[in-house]
Amino acid sequence: MGPDTARGEGWRLIAAAAVMALAQAGMVALAPALADETRAPAPGIFAFVGLALLGGAAWFAAIGPLERLRPRPAVIVAVFALGVAMRLAWFGTPAVLDTDALRYLWDGALAAHGLSPWGPPPAAGVPPALGEAGAALRAVLPFAWLRSIYPGTAQAAFLLAHWIAPWELLGLRLVMLGAELVALLLLAALLRRAGLPLMRAAIWWCCPLLPLVLANAAHADALLPPLLVGALLATLGGRGALAGGLLGLAAGVKLWPVLLVPLLARWLPAGARLPAAAVFGLTAAVTLLPLLATATAPDAGLNAFATGWVANNAPLAWVQAGFGPGLAELLRPLLGLAGATVALAVARPPPGEPAALIRGALIVAAAIFYLSPAQFPWYAVWFLPFAAALGCRALLLPAVLLPIYYAFFALRGLGLGGLFAYGLAAIHLGGVLVLLIMAWTRKSARV
């Protein structure tokens, strides 16, 4: 790259950073009016979505120049500072059009007072130990009639957040920020180990979707990147017990990382597989069994999610509209089977270059996302670190398009919920398919 080209790309990056900063500043300014999804004004929601798309487009346009930057100390400091600033800007805001963190606060308070978060649902009553703060929280708690859906690793994070700042979003946000910082370090180490451009870690760190869903809304999905990236690093190093333990902890955040077991087992040396299996089994048992013990209860959150949730998934909504909910319910176990099939197929090839392990993890995580009946924006956290590591534009594009999800709240209030469910919800998948087809076409043309 010549000096003129480098100078031009430098200005592109500065312009992209400025657009991202301005877009996020506008979103932060709108946040107080969008805290209550039932009262948020439609124009404010549409403006919020538009700003999110603008910032995401600027980030997407900067991916190429960003990954070609030389990782000089000044560059690393600047990129790190930008990512930190993007996250800290949300710390004084209410959660925008999102109430999941309220349940995190409830579960963390229960654990802090020695009570099981998987016990009777909040609707059954406020435990005396939670006092007035608990009563106030329960009054605004979403899905109060359901038991907690969150496994053990997530519950440990909620407990830690309660110790840091009881009953406040601040504690959750600090825990999730800590998880992101660890993930950044581990992703850089994974890139070095795989011989991939180090600045691809900056692509992930500067993604504007992450501050929205992990800093503002404090979603527990922030815990997955450090655990999953760490598990891949341990696998490449032949450290079976560590890989199994980290994967077991990841399953204690969301269940789906269990499907990475075949891939990691395939890549581990034969002598490391037994320790990996033993530690994974023990860790997964500790993090999952308390949740699974209540999974068949009529008021189990996990049961309700598995059998009834549909969100931001246009193809499934089309099936429901065309053939009725019965067929859609029949498809649910088949979608799970398809995810397991993908996981086994990805694990079949013999180990090769480290990038192939990252690619396998990306395929599994992205497949689970797009096979899930619920495709919330924060679920993209599952695969974005791997997409960034490989520079996969097709699976980085959802980070740009998924904020369209928030338009649902405005359209629902206007009586146009169907426009979102059957139309706008298809855009993030459509973008992925278009880029994948374009990449396949270019590859075929070169052969």
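I began with the aromatic cluster: ring pairs join F48, W90, W256, F376, W378, Y379, W382, Y405, Y406, F408, F409 and F420. Rings of Phe, Tyr and Trp (its six-membered ring) pair if their centres lie within 6.5 Å. Planes under 30 degrees apart count as stacked, over 60 as edge-to-face and the rest as tilted.

A note on the source: this is a predicted model, where local features need pLDDT of at least 70, side-chain atom pairs count only at pLDDT 80 or more, and totals for chains, interfaces and linings use all residues. Residues are numbered from 1 along each chain as its sequence is written, and side-chain values use heavy atoms, with hydrogens and water left out.

**Aromatic pairs**

I found 23 aromatic pairs in the structure. I looked up W256 and W382: their ring centres are 5.5 Å apart and their planes stand at 40 degrees, so this pair is tilted. It links distant parts of the chain, 126 residues apart. W256 sits in the loop between α12 (240-251) and α13 (261-267), and W382 in the loop between α18 (354-371) and α19 (384-390). Helices here are DSSP runs (H or I, at least four residues), numbered from the N terminus. W256 and W382 are both buried. Buried means under 20% relative accessible area, exposed over 50%, partly exposed in between (1.4 Å probe, protein chains only).

Next I took F376 and Y405. Their ring centres are 5.7 Å apart with planes at 85 degrees, so the pair is edge-to-face. F376 is in the loop between α18 and α19, and Y405 in the loop between α21 (398-401) and α22 (407-413). F376 is buried at 10% relative accessibility, and Y405 is buried at 8%.

**A charge over a ring**

I noted R87 over the face of W205, 3.8 Å from the ring centre. The test asks for NZ of Lys or CZ of Arg within 6 Å of the ring centre and within 35 degrees of the ring normal.

**Second largest pocket**

Which residues lie nearest the centre of the second largest pocket? They are L13, I14, A17, L66 and V79, out of 14 lining residues. α1 (3-30) supplies the largest share of the lining, 6 residues. The lining has 13 nonpolar residues, 1 polar and no charged. Ala, Val, Leu, Ile, Met, Phe, Trp, Tyr, Cys and Pro count as nonpolar, Asp, Glu, Lys and Arg as charged, and the others, Gly among them, as polar. A pocket is an open set of points on a 1 Å grid over the protein atoms alone, where a 1.4 Å probe fits, with protein on both sides within 12 Å along at least five of seven lines; lining residues have an atom within 4 Å of a point.

Technical notes: Helices (H or I, at least four residues) and strands (E, at least two) are DSSP runs, numbered from the N terminus.
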